[in-house]
Amino acid sequence: MGEQRVWRARGWVCLLIIWWSVFASARIPAQVPIDAVADGATVSVNGLVICTLRTSTTDGLSPETRAQILVETLVALPYAGDVKVRKADNTFAIFAGGERVLTVTATEAKANRSSAQSLANLWAGRLKKSFSVPALSIATDTVRMPSPSNRTIPAKGYLWKTATVSSDNAEVVTPFLTESGVKLAANRPGTAIVTVSTPRLSQAIRVTVQPYAATLPQTLSVAVAGSPTMASTVGSVIDAAIQNQLQRVPNSQVRILSKAETIVPEAQSRSFPVRVRVWAEDAIQSEGVVNVIVRNIGVAFRRDKELWYCNEPENITSPGNLFAAALRADTPVRMLYHHINTATFAMYVRVQAVNESDQPARVLLIPGDSEPDKNPVRAGLKAADQYLRAWASGSGEIVTIPPRSSLPISFRRLGTNETMSGLCGLRLIDGPPSVLVRTDAWPPFNLERRWQDAIASTTPWRLVGANPINDLDLSNYQFSDLIFPDPQKSLAVEYRVGESWKFLRIGERPIAGADAKRVLSGNFGVTYAIKAMVSNPTQEPADLEVVFEASAGYSGALFYMNGAVMQTPLLQPKAEFRIERFRLGPGEERKVEFVTVPLSGSSYPAQITIRPFQELSSGVLGGG
C-alpha cells in the first residue's frame, strides 16, 4: 500500500510538470524582440515612453544607469506580456514576462510627485500598452489597382523607421516608402510581390495591376441625315457609337447612365455628353463622360428608285438563301422583308449588307423592323410604323461597312409560326460600285454574348457593328427578280359637298417589276401620296370625314398626315377607321393630303372614302 501511494504521488507530479510545460509554452508567443531604448533617464518601449527615472539608488546607481539596466532587462525578457504590480514592504515592483523589471520606491514616487503605488500602476500600464504595439503592420497584404495610378498603403509599427521596400517586378509596380506607408506606382498590367523588410522581420504585399475598362473621357463622332434628323434617331446613333466606337478592353460591358437627345438640323453638328459605366472581369471599372458629336451631313432627299420585295417564299420551311440584290451607288432602295417560320424548329433569319470590296462603304440606313410575332398583321404594322416616322423627314444614320466586312440590318430568331417583318431604306453614299444585300435563314447555333443582345433589337448593327466576312456571308445565293422600280404612287381626287362619295383604292393596280414580267399584287411597301381637294358650294356648313376601310380582310394601316404618323388598330374585314374629320363653311375649300403604304401581313386592296360625317355609322373607329 505504501509503494502504491508513492507511485500515485509521482504520477501526479509528472502530470503537473506536463501541464505546466504546456501552459508555459502557450503563454510564450512567437517572439519579436522588444525595441527598448534609453534617452538619458527616459525609457521608451516600442516607440512609447514608459517612464523617466529621477533618483539614484542607495548604492549609487544614477537615473541614467538605472534606465540602461531597465532597457537591458526588458530586451532579455522571455516574452512580452503578463505585466503586474506587486507590493514589497514600502516599495512596489513591476513584473513583466515573469521577471521583475523595475522597483518603485517612495523616494522615486516623491520625485515624480506621486505615490509609489500610483506611479507603479502608471508605468506598468504604459509598459503593457507598449507590448501591444505591432512591430510592423501593413494595412493590407493584397492590392488591386489600375494602370497607371498611384496608391499609398498605410503602415505603422515600431520597426517601420528601419524598413526598406522592394518589388520583384518593378516594370509592373515601383514601391516607395513615405512617412505614412508604402506608395505603389502601377506602371503596367501584371502582378508583383512588394516586400517591406526590417532587420527583424518582413511583410509581403501581393499587387495585381489591371487596366481601366475604358479611359474616360473620350470623344466619338457619328454621321446622320435628315431634314432634320429626329431626336429618336440621334439617341439611337449615340447608343451605337458608344457600343461600337468606345475604346475599351475586350469582353467589357458598357451601360449608359444618362444622356440627352435633340433633333440635329440639316448640315449642322451637335455635341452630346453621355455619362457611362464600363466594366470587365479583368479590369478596373470606369465611370465618366463620353462626348458624342452627331453630324448631320445634309444628304439631299431622293425618292426611292427601287422596292426590293423579300417575301418569296413568305413561309419558310427550311434553311437557305431567301433574297439577294446589289445596292448600287445613287440608287436609293426601299426594302420590304416579311417571312413566317412554318418549319417545326426555330430558325435564325438575317438581313445583312456585305462589302466584299477593298474599300469602305458608307450607307444611309432608315430602319424599320419588328420583333417576331405570331400575328403577321401586327408584325408588319410595327415595322412600317418605325420606318414611316423616319422616312417622313429622311431621318437616318450613316453607317460605315469596312472592307471585307458585313453589317446586320435585321437579325431575328423565329420560333415556329412566328413572323419577322421589316420595311427599311438603304442608300449607298460612297465607296465601291455596289454592296450585296442578302437575306438568309439558318438553323440555330451558339451565339456570342453581344449577338444575344442584337437578336432582340430592331437595330442590331448598333450593338455589334460591322464584322469581318465569314463563310456564312459568302455562302451560295441567287439574285432576286422581285425588284420593282419607282415604288410610289400619287392619287388625286376632288369632292364637292352634295355629290356622290369619292372612293380611292389602295393596292388595287399592281406596279410592274424591273423585268416587266412580275407584278406586285397589293403593292405592299409602295407609298401612296394622296391629295384631295374638298369644297362646300352650299350655303350651309358641312361636316366631312376621310375613312379607311379594311375592304379585303384583316388589316392594319398607317397614315402620315399633318406632320404626324397615325396608326389604326387591327381591323377586322370591312371595319372602318376615321382618318380625319373636319367642317367646311359655306363656299369653303380645303386641301387634304396624306401618305399611306400597304403593310406586310395585311389584306389589300383597301379603300379610302371621302364622305359626309356619319354620326351613327357602324364599325367606324378613330376620330377627328
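**Reading the model together**

Tutor: Happy to! Keep in mind that this is a predicted model. Let's begin with serine 252, which sits in the loop between helix 5 (231-245) and strand 16 (253-258).

Student: Is serine 252 buried or exposed?

Tutor: To decide, we look at the relative accessible area, and buried means under 20%. Serine 252 has a value of 12%, so it counts as buried.

Student: Which residues does serine 252 touch, leaving out those up to four places away in sequence?

Tutor: With those set aside, serine 252 touches Val278, Trp279 and Ala280.

Student: How many bridges join strand 5 to strand 6?

Tutor: Five bridges link strand 5 (residues 91-96) to strand 6, and the two run antiparallel. As an example, alanine 96 has glutamate 99 in strand 6 as its bridge partner.

Student: What should I know about backbone angles?

Tutor: Here is the general idea: most residues other than glycine have a negative phi, and most peptide bonds are trans. Now look at aspartate 82, whose phi is positive, near 55°. Aspartate 82 lies in the loop between helix 2 (63-75) and strand 4, and its relative accessibility of 31% makes it partly exposed.

Student: What is the phi of alanine 516, and where is that residue?

Tutor: Alanine 516 has a positive phi of about 60°, although it is not a glycine. You can find alanine 516 in the loop between strand 34 (511-512) and strand 35 (519-520). At 66% relative accessibility, alanine 516 counts as exposed.

Student: And where can I find cis peptide bonds?

Tutor: One joins glutamate 312 and proline 313, with omega about 0°. Proline 313 is in the loop between strand 19 (306-310) and strand 20 (315-316). Another cis bond joins tyrosine 604 and proline 605, with omega about 15°. For proline 605, look in the loop between strand 41 (589-596) and strand 42 (606-612).

Conventions. Residues numbered from 1 in each chain as written. Predicted model: local features only at pLDDT ≥ 70, side-chain atom pairs only at ≥ 80, totals over all residues. Heavy atoms only, no water. Pairing = 2+ DSSP bridges. Helix = DSSP H or I, 4+ residues; strand = E, 2+ residues; numbered from the N terminus. Buried < 20%, exposed > 50% of the residue type's maximum accessible area, 1.4 Å probe, protein only. Contact = heavy atoms within 4.5 Å.
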